[in-house]
Every structure is written in C-alpha cells, then in structure tokens.
Amino acid sequence: LYGESLVNIISEENHNRYNEETKYNIVVDPIDGTENLVHGIPIFGVSVSIFEYGKPLYHTLYFPLLKQYIASDMILNNTTVSLHHKNRLILLSSNTSLEDIQHASTDDNEYRLYGCATYNMYLVLCRKAHMYTNLKANSYDILAGINIAMDVDGLDVFIDDKPYSGEFLFRNKTYKIVMKWR
C-alpha cells in the first residue's frame, strides 16, 4: 500500500507532507520524549494518528515501558476514562519558559513538567490531570491525543485559541494547545 497513493506516512523523521488525494495520511511519532528515553526516564511514548481522506479515523498513544496505552475506540466505549474529583494538576510542556512558570505559580494549581507531550495528554484523558498546555507543539506530538479527546464529554481542546474540530494539523508549523476539563 505504501507509495501507491493509498497511504502517506508523515513523521518527524521524514519530509512527507499531508496529501489530500491520499486515502490514508498516517502521522507517526515513534518516540515522543526522546530526551527522557536517552536519560533512562521511562516517560516516553509512541503516537499514531490516522486520517482517512482528511477526516480523523483512529488514534492511539502508547507508553512501552509504562505498559499503558489509550486509543480512540477505548474512549468511545468508555473503558478508560476514570471519573473522580476535579484536580488542580496542570501539565506544562518542556518548552515552557521560566517566566511562564513563575507567572503560573501564583495561583492555587500544582504544575508538572514531564517532557513528553503524549504522556501529558494521556494523563488529562484519564483524568489524572486537569489541563495540559503547550505554546509550541508540533503536529506529530499532539494529533493522536487531541483527536482522542474529541470523543470525550467535558474535555475541551483549543488549538491556537480556537476550539479544535478534527482538522489535520500540518508539520511545518507549531501550535498552541490547551486541553482541559470543564
């Protein structure tokens, strides 16, 4: 299938771009959290996001050493999201500036910085954190997580301050993402 205009694989490691004439555009991030992996920190993940003719089809986040994963069909079947009290945990990206952290620390929330966008989104999807924000996210780091979130009641996703509605995000720019529970 690959190369016959049925499948187009897009990743950080190749230079392929979205092709609207291809049936399946598959965005793969084989290692999100590379620095964590290199330093022996088990918080790194794999994300896969499949679009069929430009529409979200299937998405998954997988954390091999943690033996955890989440996928779009798990959310649809309500088998993953655990419901408990609203928490104060806000997850930040590794590109958050010291100034942003100092400004944020004046409120009543607790902040964490894990160095892995996919893991941050996983924690929000599973209600282990209230919110994740990243001011300079790459599409291959966030597409799977934000598309899984679209099927979760009460979870909002904003891309560049606008509600996200399943559109394809391109690899040649960065995006501001906010994923949070109402």
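Cys116 is buried in this predicted model, with a relative accessibility of 2%, and Cys126 likewise counts as buried, at 4% relative accessibility. A disulfide is a covalent bond between the sulfur atoms of two cysteines.

| Residue | Relative accessibility | Class |
|---|---|---|
| Cys116 | 2% | buried |
| Cys126 | 4% | buried |
| Ser47 | 1% | buried |
| Tyr53 | 51% | exposed |

The sheet is open and is formed by 5 strands in the order β1-β2-β3-β4-β5, with mixed pairing. Because β1 (7-11) and β5 (68-71) each have a single partner strand, they stand at the edges, and one side of each is left without a neighbour in the sheet. On average, and with direction ignored, neighbouring strands of this sheet are turned by 15 degrees against each other. Strands of a sheet pair through backbone hydrogen bonds, either parallel or antiparallel. Between β1 and β2 (residues 24-32) the strands run parallel and are joined by 5 bridges, and Asn8 has Asn25 in β2 as its bridge partner.

Two helices pack on this sheet. Helix α4 (residues 117-125) touches β2, β3 (45-52), β4 (55-63) and β5, and its direction makes about 100 degrees with that of β4. Helix α5 (residues 139-149), for its part, touches β1, β2, β3, β4 and β5, with its direction at about 110 degrees to that of β4.

A polar atom of the Ser47 side chain lies 3.3 Å from the backbone oxygen of Tyr140. When neighbours within four places in sequence are left aside, the residues in contact with Ser47 are Val27, Val28, Asp29, Thr60, Leu61, Thr118, Tyr140 and Ala144.

Tyr53, which is placed in the loop between β3 and β4, has a positive phi of about 45 degrees although it is not a glycine, and Tyr53 is exposed, with a relative accessible area of 51%. Arg127, found in the loop between α4 and β8 (131-138), is also a residue other than glycine with a positive phi, in this case near 60 degrees.

Notes:
Residues are numbered from 1 along each chain as its sequence is written. This is a predicted model: local features need pLDDT of at least 70, side-chain atom pairs count only at pLDDT 80 or more; totals for chains, interfaces and linings use all residues. Side-chain values use heavy atoms; hydrogens and water are left out. Two strands pair if DSSP finds at least two bridges between them. Helices (H or I, at least four residues) and strands (E, at least two) are DSSP runs, numbered from the N terminus. Axes are lines fitted to C-alpha atoms, for helices over the stretch in contact, and angles run from 0 to 180 degrees between N-to-C directions. Contact means heavy atoms within 4.5 Å. Buried means under 20% relative accessible area, exposed over 50%, partly exposed in between (1.4 Å probe, protein chains only). A polar contact is a pair of N or O atoms within 3.5 Å; within protein, one must be able to donate a hydrogen and the other to accept it, and residues adjacent in sequence count only if both atoms are side-chain atoms.
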